[in-house]
Amino acid sequence: MKLCVLTGGPGVGKTTVLELLARRGYVVAQEVARMIILEGMIKGSDVLPWKNSEKFQEEVGQRQFQIEESLLTTLAPAGKQIKFLDRGIIDGHAYCILGKTKVPEIISRY
């Protein structure tokens, strides 16, 4: 079983490709940062990249790690042993460097 991370800039088609893979029966994980942003906007939270990037990256790192770990034990349909992720924990590291934000420990130790 393998994990395959789709990475790249915004709007290049990662989510579209994942939707197609899911329709073909593959196990896929959605982008964690997008989920956290939607939750934060609904709840009025400050765990948003434009309000508190350090807190946001810490939350992204925690959840990304949990998702990646859970995918390792998730059963996949026969013949579909590759599991796909919309971005990975390494993306969080890159975003911290780009945004001059402290890299959370969970990301740096990974």
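Is the crossing of α2 and α3 right-handed or left-handed? The crossing of α2 and α3 is right-handed; a crossing counts as right-handed if the near helix is turned clockwise from the far one by less than a right angle, and as left-handed if anticlockwise.

## About the model

This is a predicted model, in which local features need pLDDT of at least 70 and side-chain atom pairs count only at pLDDT 80 or more, while totals for chains, interfaces and linings use all residues. Residues are numbered from 1 along each chain as its sequence is written, and side-chain values use heavy atoms, with hydrogens and water left out.

## Helices α2 and α3

Helices here are DSSP runs (H or I, at least four residues), numbered from the N terminus. The axes of α2 and α3 come within 9 Å and cross at roughly 125°; axes are lines fitted to C-alpha atoms over the stretch in contact, with angles from 0 to 180 degrees between N-to-C directions. The two helices are therefore oblique to each other (under 35 degrees is roughly parallel, over 145 roughly antiparallel, 65 to 115 roughly perpendicular, the rest oblique).

On the α2 side, V32, A33, M35, I36, I37 and E39 make the contact, and they meet F56, E59, V60, R63, Q64 and I67 of α3 (contact means heavy atoms within 4.5 Å).

## Helices α3 and α4

Helix α3 (residues 53-73) also packs with helix α4 (residues 89-99): their axes come within 9 Å and cross at roughly 165°. That makes α3 roughly antiparallel to α4. This crossing is left-handed. Q57, G61, Q64, F65 and E68 of α3 meet I89, G92, Y95 and C96 of α4.

Let us look at one of these residues. Q57 lies in α3 and is buried, with a relative accessible area of 9% (buried means under 20%, exposed over 50%, partly exposed in between, with a 1.4 Å probe and protein chains only). Leaving out residues up to four places away in sequence, Q57 touches G92, Y95, C96, T101, P104 and I107.

## The nonpolar core

The largest nonpolar core has twelve residues, including V27, V47, F56, V60 and L85; such a core is a set of buried Ala, Val, Leu, Ile, Met, Phe, Trp, Tyr and Cys residues joined through side-chain atoms within 4.5 Å. Helix α3 gives the most to this core, with four residues. Beyond its neighbours within four places in sequence, V60 is in contact with V32, A33 and I36.
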